[in-house]
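Visitor: I would like to learn how to read a few features of a model. Please take them one by one.

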Amino acid sequence: MASVKLNKVIEKMKLDNLTPEIDMEHIKVTQPDINRPALQMTGFFEHFDATRLQIIGFVEYTYMESMPMERKEEVYSKLLSFDIPAIVYCRDLRPDELFLKKANEHGIPILATKMSTSDFMAEIIRWLNVKLAPCISVHGVLVDVYGEGVLITGESGIGKSEAALELIKRGHRLVTDDVVEIRKVSDDTLIGTAPDITKHFIELRGIGIVDVKTLFGVSSVKDTQGIDLVIKLEDWDKDKEYDRLGLEEEYTEYLGNKIVCHSIPIRPGRNLAIICESAAVNHRQKKMGYNAAQELYTRVQNQLARKRDDDED
């Protein structure tokens with residue numbers, strides 16, 4: 001099961017640790033969803049999902065403040081007896097002494113943020129959804145071309161990295177070379193990232209490792225990118241029929257999500273960078289409602305219809 005260390009969550013969200021004496025090294029968050037324990041504060045613990053991060057907003061805080069001490073003792077003990085990864089107070093609110101005491105006794109970290117409850121919830125859910133999404137690694141190169149995430153795949157040595165380098169020189173941005181980590185953040189969205197060890201590096205046969213960020217500047221690299229299009233490079237086969245119109249889309253599948261895929265035959269003299277640029281722009285145009293192949297087909301059909309009308313006359 002995918003997980004994120006609580007220390008990473010604290011670092012990313014810039015949270016204050018109100019229980020520094022608790023060792024959080026081995027505490028992990030395993031779910032992208034969160035819970036606001038308003039019902040639990042009233043004593044209702046059925047279907048309580050304690051594995052989620054618990055968020056205390058102004059409503060929960062006000063209710064807790066209004067509880068008599070005996071009731072606090074009972075509810076706090078019950079709530080904090082669950083194996084909760086952490087409890088986060090929003091709006092710069094602070095727990096009372098009894099809550100902190102019970103949290104320390106049960107080893108439940110208490111954190112705080114100045115963000116509003118709704119803003120914090122939206123941000124933490126978005127970030128955790130990416131971090132905890134199903135993930136696979138594929139061999140290829142991911143480049144941001146005119147805002148479209150283009151995943152270039154193909155056999156080793158076919159020219160993927162060289163195509164990426166040419167695209168970078170033309171002003172596009174590298175996400176990752178050689179290994180692409182693909183995460184499924186929704187049924188419609190795949191996000192590609194680079195492994196930490198190879199981030200911003202390209203391997204060019206005959207030259208070696210090239211640091212793109214150092215050579216071309218920070219504007220030439222990007223940390224994450226949605227994958228919109230797959231370009232599969234393959235050796236030219238004169239006996240194979242290649243799509244010359246593009247009326248029917250071909251797809252490939254990663255983690256159950258279908259992505260438009262173009263198979264591009266490679267032979268000397270073909271400029272891969274311009275082909276990738278054209279494919280990216282054409283894909284964006286299709287998303288905006290214009291299909292050049294369909295337009296050509298319509299023109300041909302209209303021409304044939306006019307010719308038939310002329311012949312009948």
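Guide: Strands of a sheet pair through backbone hydrogen bonds, either parallel or antiparallel. Here strand β13 (residues 190-193) and β16 pair in the antiparallel sense over 3 bridges; two strands pair if DSSP finds at least two bridges between them. Helices (H or I, at least four residues) and strands (E, at least two) are DSSP runs, numbered from the N terminus. This is a predicted model, in which local features need pLDDT of at least 70, side-chain atom pairs count only at pLDDT 80 or more, and totals for chains, interfaces and linings use all residues. Residues are numbered from 1 along each chain as its sequence is written, and side-chain values use heavy atoms, with hydrogens and water left out.

Visitor: Which residue in β16 does Thr 193 stand opposite?

Guide: Thr 193 faces Thr 224 in β16.

Visitor: In what order do the 4 strands of the open sheet lie?

Guide: The order is β8-β12-β13-β16, with antiparallel pairing. At the edges are β8 (135-139) and β16 (224-226), each of which pairs on one side only. From one strand to the next, the twist averages 30°.

Visitor: How many residues of α7 are buried?

Guide: Buried means under 20% relative accessible area, exposed over 50%, and partly exposed in between (1.4 Å probe, protein chains only). In α7, 7 of its 10 residues are buried, so by this definition the helix is mostly covered. Among them are Ala 163, Leu 167 and Ile 168. Just after α7, Gly 171 takes a positive phi of about 100°.

Visitor: Is Ser 161 buried or exposed?

Guide: Ser 161, placed in helix α7 (residues 160-169), is buried because its relative accessible area is 13%. Contact means heavy atoms within 4.5 Å. Not counting residues up to four places away in sequence, Ser 161 touches Val 141, Asp 177, Ile 202, Glu 203 and Leu 204. The side chain of Ser 161 also reaches the backbone oxygen of Glu 203 at 3.4 Å.

Visitor: At what angle do the axes of α1 and α6 cross?

Guide: Axes are lines fitted to C-alpha atoms, for helices over the stretch in contact, and angles run from 0 to 180 degrees between N-to-C directions. The axes of helix α1 (residues 6-13) and helix α6 (residues 117-131) cross at roughly 130° and come within 12 Å. The angle therefore makes α1 oblique to α6; under 35 degrees counts as roughly parallel, over 145 as roughly antiparallel, 65 to 115 as roughly perpendicular and the rest as oblique. Residues making the contact include Val 9 and Met 13 of α1 and Phe 120 and Trp 127 of α6.

Conventions. Polar contact = N/O pair within 3.5 Å; in protein donor to acceptor, adjacent residues only side chain to side chain.
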